[in-house]
Amino acid sequence: MELRHLRYFIAVAEELNFRRAAERIHIDQTPLSRTIRDLEERLGVTLFVRTPRKLQLTPAGAKLLDQARGLFIRLERTKRVVRETDARHREPLRIGVDDSTAQPKLAECLARWQTVSAGIPIELAEMRTTELLAALRSEEVDAGFSFGLPDDEAIAQQPAWTSPIVALLPLVHELAAREVISLAELLSFPAIACNAAYHPGLCQQMEAIFRRYSVAPTIAGEARSLTGYLTRVAAGHGVGVADADHMQALRRTDVVVVPLAEPIHFTTYVLHKHQPNGLPEALQRFLTHATTLH
C-alpha cells in the first residue's frame, strides 16, 4: 500500500463523489476509481457502498479514514521535526548587536538561550545601528538588539527589556554628592547628546523623554559612541544620561552615577524582518525567549 492510495481514498471518503474527488486531486476519474478498487483488494475489505445515487463509507471505510488522517498528521509532524533538527545542527541563528551595547542583560539572555536551546547555536556580529538595519533588510542576520532603529515597514521592533536611566556627572560637579537628582535639575546644566545618525533609536527615546517632562537641554557636545560620550562627561564638557545596566557593566571611576528621581527607562529592542510566510520556528522561539526573559 502506498501513500498515494491513502491520499486518493481520503479525497473520495470526504467528497463521497468520485467526480468531485478527481477534480480535487487533479486526476481523471477512471484512474481514481481503479486506485480505490486496488486499495480494497490489498486490504481485503469493502470501503464504500456504491449505489446509483450516492456513495457511502462502510464501517471499515470509516475506520480507515480516521486512521489515514492520523497517519498524515503524524507524517507531517515527523517531516517538520526532522527538518527543524537538521537546520538546528547546520545553521546557527545569526544575531546582530549594536556595537555600543554592553548590557549584562544581553549576555544573560544569550547565556540562558544556550541552556534552554543548546541545539540551536548563536552566531554574533557587532555592527553600527545603520549596518544592523541593512543586515536585517538583506537577511544577513536573523535578529538584532538595539535601542531602536528608524521606522521601517520591513523591520519589526519588540521591547526586550528596560533599564533605569541614571545621571552622569564629572567627579567635581556640584551635583556629584547628591543621592538623587531630578531630570530638570540635571538638564539645567549643559548636556552631551548622542549622534542621531549613529544612534537613532536612543536619540528618539531621549527626545520622547524630554517632551514628556517638558525639558529642553542645552547641548554642549555630541558623541558618536558610548565611550566618547562618557569621555566628554568625565572631562567636564557636560552632564549626561545613560541606562543603569551599561554603567554597571563599564564601572567608570571618572564618572559619577546618580539615580534620577523620575521612574524613567531606556528600552532595548529585539529586531527582525517581517516574513510574509511566517517566521522560522527557531527564530520565533528566540524572539519569545528574548521578550519574556525579564
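**Figure 1. Glu139 follows helix H6 with a positive phi.** The phi of Glu139 is near 65 degrees, although Glu139 is not a glycine. Glu139 is found in the loop between H6 and E5; helices (H or I, at least four residues) and strands (E, at least two) are DSSP runs, numbered from the N terminus. The model is predicted: local features need pLDDT of at least 70, side-chain atom pairs count only at pLDDT 80 or more, and totals for chains, interfaces and linings use all residues. Residues are numbered from 1 along each chain as its sequence is written, and side-chain values use heavy atoms, with hydrogens and water left out. At 36% relative accessibility, Glu139 counts as partly exposed (buried means under 20% relative accessible area, exposed over 50%, partly exposed in between; 1.4 Å probe, protein chains only).

**Figure 2. A salt bridge joins Lys273 and Glu139.** The side chains meet at 3.3 Å, N to O; a salt bridge is a side-chain nitrogen of Lys or Arg within 4 Å of a carboxyl oxygen of Asp or Glu. Lys273 lies in strand E11 and Glu139 in the loop between H6 and E5, so the pair ties together parts that are 134 residues apart in sequence. Lys273 is partly exposed, with a relative accessible area of 22%. The value for Glu139, also partly exposed, is 36%.

Figure 3. The buried residues of H6 are Thr129, Leu132, Leu133, Ala135 and Leu136. An α-helix has 3.6 residues a turn, so residues three or four places apart point the same way. The cover over the buried residues of H6 includes strands E3 (93–98), E4 (122–127), E5 (143–146), E6 (155–170) and E11 (265–273), together with helix H8 (200–212).

**Figure 4. Thr129 is a buried residue of helix H6.** Helix H6 comprises residues 129–137, and Thr129 is in it. The relative accessible area of Thr129 is 2%. Not counting residues up to four places away in sequence, Thr129 touches Asp98, Ser146, Gly148, Leu149, Tyr198, His199 and Pro200; contact means heavy atoms within 4.5 Å.

**Figure 5. Phe9 and Phe48 form a tilted ring pair.** Rings of Phe, Tyr and Trp (its six-membered ring) pair if their centres lie within 6.5 Å; planes under 30 degrees apart count as stacked, over 60 as edge-to-face and the rest as tilted. By this rule the count comes to 6 aromatic pairs. The ring centres of Phe9 and Phe48 are 5.6 Å apart and the planes are at 50 degrees, so this pair is tilted. Phe9 lies in helix H1 (residues 3–15) and Phe48 in strand E1 (residues 48–50), so the pair ties together parts that are 39 residues apart in sequence. Both residues are buried, Phe9 with a relative accessible area of 0% and Phe48 with 2%. Elsewhere, ring pairs link Trp113, Phe145, Trp161 and Phe286 into a cluster.

**Figure 6. Salt bridges link Glu14, Glu15, Arg20, Arg24 and Arg69 in a network.** The whole structure holds 16 salt bridges. Within the network, Arg20 bridges to Glu15, with the closest N and O atoms 3.5 Å apart. Arg20 is partly exposed, at a relative accessible area of 35%, and Glu15 is partly exposed at 24%.

**Figure 7. Arg42 forms a salt bridge with Asp38 in helix H3.** The closest N and O atoms are 2.9 Å apart. Arg42 and Asp38 are 4 residues apart in H3, which means a separation of about one helical turn. Asp38 is partly exposed, with a relative accessible area of 25%.

**Figure 8. Met1, Leu43 and Val45 make a nonpolar surface patch.** The patch is about 250 Å². Patches are made of residues with over 30% relative accessible area and no salt bridge, like charges being joined within 9 Å and nonpolar side chains (Val, Leu, Ile, Met, Phe, Trp, Tyr) within 5 Å. Accessible areas come from the Shrake-Rupley method with a 1.4 Å probe; for residues, only the protein chains shown count as cover. Leu43 is found in helix H3 (residues 29–43) and is partly exposed, with a relative accessible area of 36%.

**Figure 9. His26 has a positive phi although it is not a glycine.** The angle is about 65 degrees. His26 is in the loop between helix H2 (18–25) and H3. With a relative accessible area of 72%, His26 is exposed.
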